Amino acid sequence: MRRTSFGRSVVAALITLFASVAFCEDHSGTIGTETWTLANSPHHITGNVTVGNGATLTIEPGCDVRFNGNYKLRVDGVLIADGDPANHITFTSN
């Protein structure tokens, strides 16, 4: 049987595809100081989220925040969400 590079090409393409798939992170409840990273985007809001008094939530440029229902993001502390022209922060429904 003759071997070709086709099989290796398919495997390489699958590895590249799965390596580029972002892992999402779910959020609900009261949170303390934390950073929502682009590496863990999209961030799914799966219940009401409250940034606790005295806590800071930092959302990195390029993050995608998706609400999985009629939930709220309440900030009793500090929210830092500074995108830039090349890396917007998006808040949307899922």
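Two residues are in contact when heavy atoms of theirs lie within 4.5 Å of each other. The term is used in this sense throughout this report, which concerns a predicted model.

## Overall composition

The protein chain contains 1 helix and 8 strands. Read along the sequence, these elements follow the pattern α-β-β-β-β-β-β-β-β. Of the 94 residues of the chain, 22% count as buried. The accessible surface comes to about 6,400 Å², and 54% of this area belongs to carbon and sulfur atoms. Among the contacts in the protein chain with a separation of 6 or more, 37% are between residues 24 or more positions apart.

## Strands and their pairing

Strands of a sheet pair through backbone hydrogen bonds, in either a parallel or an antiparallel manner.

An open sheet is formed by 3 strands in the order β2-β4-β7, with parallel pairing. The strands β2 (34-36) and β7 (78-80) stand at the edges and have a single partner strand each, so one side of each is left without a neighbour in the sheet. Neighbouring strands of this sheet are turned by 15° against each other on average, direction ignored.

Within this sheet, β2 pairs with β4 (residues 56-59) in the parallel sense over 3 bridges. One of the residues involved is Glu34, whose bridge partner in β4 is Leu57.

With β3, strand β5 (residues 64-67) is paired over 3 bridges in the parallel sense, and His43 stands opposite Val65 in β5. With strand β8 (residues 90-93), β5 is paired in the parallel sense over 4 bridges. Here Asp64 has Thr90 of β8 as its bridge partner.

## The loop between β2 and β3

Thr37 lies in the loop between β2 and β3. Neighbours within four places in sequence being left aside, Thr37 is in contact with His43, Glu60 and Cys63. Thr37 and Ile59 are 22 residues apart in sequence, while their C-alpha atoms are 6.5 Å apart in space.

Pro42 also belongs to the loop between β2 and β3 (43-51). Ser41 and Pro42 are joined by a cis peptide bond, with omega at about 10°. As a general rule, most peptide bonds are trans.

His27 is located in strand β1 (residues 25-31). What polar contacts does the side chain of His27 make with the side chains of Trp36 and His43, and at what distances? The contact with the side chain of Trp36 is at 3.5 Å, and the contact with the side chain of His43 is at 2.9 Å. Not counting residues up to four places away in sequence, His27 touches Glu34, Trp36, His43, His44, Ile45, Thr46, Gly47 and Val49.

His44, one of the residues touched by His27, is placed in strand β3. Its neighbours within four places in sequence again left aside, His44 is in contact with Cys24, Glu25, Asp26, His27, Arg66, Asn68 and Asn94.

## A glycine between β3 and β4

Gly54 lies in the loop between β3 and β4. Beyond its neighbours within four places in sequence, Gly54 is in contact with Thr33 and Gly77. The C-alpha atoms of Gly54 and Thr33 are separated by 8.2 Å, and the two residues are 21 residues apart along the chain.

## Burial of selected residues

The table gives the relative accessible area of several residues.

| Residue | Relative accessible area | Class |
|---|---|---|
| His27 | 5% | buried |
| His44 | 12% | buried |
| Cys63 | 1% | buried |
| Cys24 | 43% | partly exposed |
| Gly54 | 69% | exposed |

Why does Cys63 count as buried? A residue is buried when its relative accessible area is under 20%, and Cys63 counts as buried because its relative accessibility is 1%. Gly54, at 69%, is classed as exposed because the limit for that class is over 50%. Cys24 is partly exposed because its value of 43% lies in between these limits.

Definitions and conventions: Residues are numbered from 1 along each chain as its sequence is written. This is a predicted model: local features need pLDDT of at least 70, side-chain atom pairs count only at pLDDT 80 or more; totals for chains, interfaces and linings use all residues. Side-chain values use heavy atoms; hydrogens and water are left out. Two strands pair if DSSP finds at least two bridges between them. Helices (H or I, at least four residues) and strands (E, at least two) are DSSP runs, numbered from the N terminus. Axes are lines fitted to C-alpha atoms, for helices over the stretch in contact, and angles run from 0 to 180 degrees between N-to-C directions. Buried means under 20% relative accessible area, exposed over 50%, partly exposed in between (1.4 Å probe, protein chains only). Accessible areas come from the Shrake-Rupley method with a 1.4 Å probe; for residues, only the protein chains shown count as cover. A polar contact is a pair of N or O atoms within 3.5 Å; within protein, one must be able to donate a hydrogen and the other to accept it, and residues adjacent in sequence count only if both atoms are side-chain atoms.
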